[in-house]
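Here is a short report for a reader new to this structure. Please look over the sequence and the model before reading on.

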Amino acid sequence: MKVTFIVNGVERQADPSPGTSLMDVLRGLGVTSVKNGCDNGDCGSCAVLLNGRAVNACLVFAARCGGAEITTLEGMASEGALHALQASMLETGAVQCGFCTPGIVMTAADLLGRIPSPTDRQIDEAMAGNFCRCTGYTKPRQAIQAAAEMLKEASGD
Ligand code: FES
Ligand code: FES
């Protein structure tokens, strides 16, 4: 079934079989920040924004994404500048092997879109489905708080 969707602002087309996941289709299109950690909805490494909300792309049928707007880590930087979440993840040392990082950034982008000044508890709840085997969760939490501050300053709030 042919589908057309927007990936990071660019129209893309795919022809997935009915059971093919959005994760596999995106990776097949070269969008390799979308990581396959479990293929089962458990780890969050495949998280993307689907029409503005974070989803585990391994649990979404690509065939149902016609007309959707999809944002992945590749679409977060603008004009060569890292997004605040990307920069803060690097600056706080929240990136080690980096396998979980794209999913964390995308889940956090969803969170900060809804809650610009989250509490630590709200961050922990939002990140409950994102597993990191290297850093633990303190540094990613610090990074998300730092990004929230940077985004607030940039917006003048
Ligand atoms: S690969 Fe999708 S949640 Fe783990
Ligand atoms: S940095 Fe390695 S799994 Fe998170």
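The sections below cover the domains and then the helix packing.

## Two domains

This is a predicted model. The domain assignment of the protein chain gives two stretches: domain 1 covers 3–75, and domain 2 covers 84–155. Their C-alpha centres are 21 Å apart.

The two domains touch. On one side, 17 residues of domain 1 take part, and they are in contact with 13 residues of domain 2. The size of an interface is often given as the accessible area lost when the parts come together. Between domain 1 and domain 2, the buried area is about 1200 Å². Carbon and sulfur atoms give 64% of that area.

## Helix α2 against α3

Helix α2 spans residues 84–91. It packs on α3 at an angle of about 130 degrees, and the two axes are 10 Å apart. That angle makes α2 oblique to α3. The crossing of α2 past α3 is right-handed.

Which residues of α2 and α3 meet? From α2 come L85, Q86 and M89. From α3 come T101, I104, V105, A108, A109 and L112. By class, this contact of α2 with α3 holds seven nonpolar residues, two polar and no charged.

## Helix α2 against α5

Helix α2 also packs on α5. Here the axes come within 8 Å and cross at roughly 135 degrees. So α2 is oblique to α5 as well. Again, α2 passes α5 in a right-handed crossing.

The α2 side of this contact consists of A84, L85, A87, S88 and M89. The α5 side consists of P140, A143, I144, A146, A147, M150 and L151. Sorted by class, the residues where α2 meets α5 are 11 nonpolar, one polar and no charged.

## Helix α3 against α5

Helix α3 runs over residues 101–114, and helix α5 over residues 138–155. Their axes come within 11 Å and cross at roughly 45 degrees. That makes α3 oblique to α5. The crossing of α3 past α5 is right-handed.

Four names stand on the α3 side: I104, A108, L111 and L112. They meet P140, I144, A147, A148 and L151 of α5. What classes do the residues in the contact of α3 with α5 belong to? Nine are nonpolar, with no polar and no charged residues.

Conventions
Residues numbered from 1 in each chain as written. Chains lettered and ligands numbered in written order. Predicted model: local features only at pLDDT ≥ 70, side-chain atom pairs only at ≥ 80, totals over all residues. Heavy atoms only, no water. Axes fitted to C-alpha atoms, helices over the stretch in contact; angles between N-to-C directions. Helix = DSSP H or I, 4+ residues; strand = E, 2+ residues; numbered from the N terminus. Parallel < 35°, antiparallel > 145°, perpendicular 65-115°, else oblique. Left-handed = near helix turned anticlockwise from the far one by under 90°. Contact = heavy atoms within 4.5 Å. Nonpolar A, V, L, I, M, F, W, Y, C, P; charged D, E, K, R; others polar. Domains from an automatic or database assignment. Buried area = accessible area lost by both parts, 1.4 Å probe.
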